[in-house]
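Here is my note for a colleague opening this entry for the first time. Please keep the view open while reading the points.

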Amino acid sequence: MGTTLAEELEKPLEVAVPLAMRMLAWTLGKPGELSLGHKQVPSPDRSEVLIRIDAVAICATDLEVIANGPPALINGTLPFDQGFTPGHEYMGTVAALGPGVDEYKVGERVAVEIHSGCGQCKRCRSGMYTSCTNYGRNYAGNDKGHRANGFTTNGGFAQYAVNHVNTLVRVPDEMSDEEAALAVTAGTSMYGFIELGGLLAGEKVVVIDPGRSDCSR
């Protein structure tokens, strides 16, 4: 039995839960200070799964969180010096199921979106859970159920992370880990085109940018 997941990951995933209790994870100290160390492997609660992180991307928002804090909000305050792990563009393999979870199986590859709204506020009830009015209210004494991995809860710059089942999407076998890690980001653009812009496949569009004075055409 390995003492850390760095040792455990030398062998294939064979069990429903990690044998080791500690994992490697990046944590945020003071602004701009990100360090690699060991943390306890999180445990999935009801309607949650434990994911072994197989690929993670770095978003410009991650850099903003590391340097300045917002939009991260941990325990109702900025994330510095609280052992917070950023990272919100990741995918992985289901390693353990929380109580009552039957939507997924151990060993399935999944991509994630970060937001799991409270499900109670007006925006969540309207399907606008990414704009949940209880954003960041998920700590002791003020837990409304909102979750946003990498922003208000620990994210994917680690070997394992916990996600709500509502945030998971199965990854087809033909898609690489790297592609899957960016699938939700691509989906955000598609949502803007299709849902907000009302565009359909085959339609012509004009792309407008700020322009450059040295463009030849």
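**Notes on the model**

1. G92 stands opposite V110 in β5. Strand β5 covers residues 109-112 and runs antiparallel to β4, with three bridges joining the two. Two strands pair here if DSSP finds at least two bridges between them. Helices (H or I, at least four residues) and strands (E, at least two) are DSSP runs, numbered from the N terminus.

2. A word on the source. This is a predicted model, where local features need pLDDT of at least 70, side-chain atom pairs count only at pLDDT 80 or more, and totals for chains, interfaces and linings use all residues. Residues are numbered from 1 along each chain as its sequence is written, and side-chain values use heavy atoms, with hydrogens and water left out.

3. Next, confidence. The chain averages a pLDDT of 86, where pLDDT is the predictor's confidence in each residue, from 0 to 100. A score of at least 70 is reached by 85% of the residues. Over residues 11-17 the pLDDT is below 50, yet this stretch has 14 contacts in the model beyond near neighbours in sequence. A contact means heavy atoms within 4.5 Å.

4. Buried means under 20% relative accessible area, exposed over 50%, and partly exposed in between (1.4 Å probe, protein chains only). Strand β3, residues 48-57, pairs with β4 in the antiparallel sense over eight bridges. Here A57 stands opposite E89 in β4.

5. How many disulfides are there? The count comes to zero, taking a disulfide as a pair of cysteine sulfur atoms within 2.5 Å. A disulfide is a covalent bond between the sulfur atoms of two cysteines. For C132, the closest cysteine sulfur is in C118, 3.6 Å away, so the two are too far apart for a bond. C132 counts as buried, at 5% relative accessibility. C59 is buried too, with a relative accessible area of 17%.

6. Check the backbone in the loops. Most residues other than glycine have a negative phi, and most peptide bonds are trans. The peptide bond from P70 to P71 is cis, with omega near 5°. P71 lies in the loop between α2 (60-68) and β4. D81 is found in the loop between α2 and β4. Phi of D81 is positive, near 55°, and D81 is exposed, with a relative accessible area of 52%. S47 is a residue other than glycine with a positive phi, near 70°. S47 sits in the loop between β2 (34-40) and β3 and is partly exposed, at 28% relative accessible area.

7. Last, the largest pocket. Its volume is about 640 Å³. On a 1 Å grid over the protein atoms alone, a pocket is an open set of points where a 1.4 Å probe fits, with protein on both sides within 12 Å along at least five of seven lines; lining residues have an atom within 4 Å of a point. The volume is the space filled by probe spheres set on the points. α5 gives the most, with six.
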